[in-house]
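These are my notebook entries on a structure that I looked up. I record helix packing and strand pairing in turn.

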Amino acid sequence: MKNTQNIQLRPATPDDVEPLTALSYKTIRVKYPDVIGADMVEGYIASGAVPHYYAERNAFTRVAVADGEVIGACALRGNAVDLMMVTVEHHRSGVGSILLSEAEDILFADHPEITLDSFRDNRQAVDFYAKHGWEMQEAFTDPDYGIAMVRMIKSRGSA
């Protein structure tokens, strides 16, 4: 487990697009082939959606940094955690918990209930959110890609 004492959270900047893209590509290639399939992973990466997403959502993204290295990010949209990404080397180190806690604080300042969507078959992520008090609201299929998803909710003041 990596040390999380020197983790700093800050707003994303345009300079973060490239390191966040690299972090995402590595994490997606390691974690998602078993969840959504290798072909879909490579198709998604080839589409250019990742750097476009970070450039577009930059103002709504918080970045986790350790020793000058970007190691995670959390993007918000409306009342939702739109994206959580932590580099593979920092999975299960507490970085995700730190990012999620800050995201919840920001969202609960304006919303009594918040949501997030996750791949249904990404048990590590679904279990992580449940451990942090998120509850399953519904299962659904992503209409664009046919991927099994879950929507999770959390209410202000819940565990």
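I noted that strand 3 (residues 69-77) is mostly covered, with 7 of its 9 residues buried (under 20% relative accessible area, with a 1.4 Å probe and protein chains only). I took strands as DSSP runs of E with at least two residues, and helices as runs of H or I with at least four, numbered from the N terminus.

I recorded that this is a predicted model, in which local features need pLDDT of at least 70, side-chain atom pairs count only at pLDDT 80 or more, and totals for chains, interfaces and linings use all residues. Residues are numbered from 1 along each chain as its sequence is written, and side-chain values use heavy atoms, without hydrogens and water.

I then looked up the neighbours of strand 3 in pairing (at least two DSSP bridges between two strands). Strand 2 (residues 61-66) runs antiparallel to strand 3 and is joined to it by 6 bridges; Ala64 has Gly72 as its bridge partner. Their hairpin has 2 residues between the strands, and Asp67 in the turn has a positive phi of about 50°.

Strand 4 (residues 80-86) is also antiparallel to strand 3, with 6 bridges, and Leu76 is paired with Val81. In this hairpin, Gly78 takes a positive phi near 60°.

Last, I examined the helices. The axes (lines fitted to C-alpha atoms over the stretch in contact) of helix 1 (residues 17-31) and helix 3 (residues 38-46) come within 9 Å and cross at roughly 165°. Helix 1 and helix 3 are therefore roughly antiparallel (an angle over 145 degrees).

Key: Axes fitted to C-alpha atoms, helices over the stretch in contact; angles between N-to-C directions. Parallel < 35°, antiparallel > 145°, perpendicular 65-115°, else oblique. Buried < 20%, exposed > 50% of the residue type's maximum accessible area, 1.4 Å probe, protein only.
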